[in-house]
Amino acid sequence: MSIKITGGSKLKKKLEKLAQKAGKDMHVNAGVLEGATYPDGTSVVEVAFWNEYGTKDVPARPFMRPAIAENKRKWSKLLERNLKQNDFNVSQSLGLLGERMANDVREKILSNPPPPNKAVWITEEKTKKTEKGARYIEQTRRKVVIKRNKDMSIRYVDPAAARTLRSSGHLLNSIDYEVKDGKSND
């Protein structure tokens with residue numbers, strides 16, 4: 001079945017102009033992009049996957065799937081609005097959408113997805129002196145969460161202040177977006 005429309009040359013020109021602006025297929029990727037690594041060479045994509053789904057030793061702390069589920073309708077409306085506001089410039093509209101998507105994923109990480117980090121008891125020893133100069137060792141026990149600094153050295157954090165998914169900040173700082181030509185692989 002075919003439909004023939006006569007007249008409407010202005011509409012036809014406008015549609016052709018919009019098709020030219022849209023150009024080829026484009027898409028936006030947001031999250032941890034391929035090639036992101038920790039200073040020691042570990043793939044950030046792998047670490048994100050381990051956090052998203054958990055491992056034998058680490059519980060799942062999903063952040064990508066909840067971010068998508070909570071925001072996909074908003075993202076769809078945002079793209080529609082961006083296209084209208086930017087005279088249907090697809091690249092620019094996808095760029096604005098990508099920024100919002102990356103920010104929403106970052107916000108999900110900053111929300112401290114459960115479960116909380118596991119706390120352990122440590123014993124600290126300090127050498128002290130009495131008033132007469134004699135030395136003795138004072139031991140204190142406290143509950144802490146073990147975290148890693150950016151240089152991978154260990155630090156201890158009060159369990160109440162421990163934040164999930166942010167031991168070094170590298171995962172959070174690796175959340176980004178890219179606008180690419182072609183159809184998405186999803």
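These questions and answers concern a predicted model. Local features need pLDDT of at least 70 and side-chain atom pairs pLDDT 80 or more, while totals for chains, interfaces and linings use all residues. Residues are numbered from 1 along each chain as its sequence is written, and side-chain values use heavy atoms, without hydrogens and water.

Visitor: Which residues of α2 are buried?
Guide: Helices here are DSSP runs of H or I with at least four residues, and strands are runs of E with at least two, numbered from the N terminus. Buried means under 20% relative accessible area, exposed over 50%, and partly exposed in between, with a 1.4 Å probe and protein chains only. In α2 the buried residues are Val44, Val47, Ala48, Asn51 and Glu52.

Visitor: Which elements do the buried residues of α2 pack against?
Guide: Packing is judged by contact, that is, heavy atoms within 4.5 Å. By that criterion, the partners are β1 (26-32), α3 (64-85) and α5 (170-173).

Visitor: Which residue caps the N-terminal end of α2?
Guide: The cap is made by a side-chain oxygen that lies 3.2 Å from the backbone nitrogen of Val45. That oxygen belongs to Ser43.

Visitor: Is Lys108 buried or exposed?
Guide: Lys108 is located in helix α4 (residues 90-110). Its relative accessible area is 17%, so Lys108 is buried.

Visitor: Which side chain is joined to that of Lys108 by a polar contact of 2.9 Å?
Guide: A polar contact is a pair of N or O atoms within 3.5 Å; within protein, one must be able to donate a hydrogen and the other to accept it, and residues adjacent in sequence count only if both atoms are side-chain atoms. Leaving out residues up to four places away in sequence, Lys108 touches Phe63, Pro66, Ala67, Glu70 and Pro113. The side chain in the polar contact is that of Glu70.

Visitor: What is the phi of Asp87?
Guide: Most residues other than glycine have a negative phi. Asp87, in the loop between α3 and α4, is partly exposed because its relative accessibility is 40%. Although Asp87 is not a glycine, its phi is positive, about 50°.

Visitor: What is omega for the bond that joins Pro114 and Pro115?
Guide: Most peptide bonds are trans. Pro115 is in the loop between α4 and β2 (120-129). Pro114 and Pro115 are joined by a cis peptide bond, with omega about 0°.
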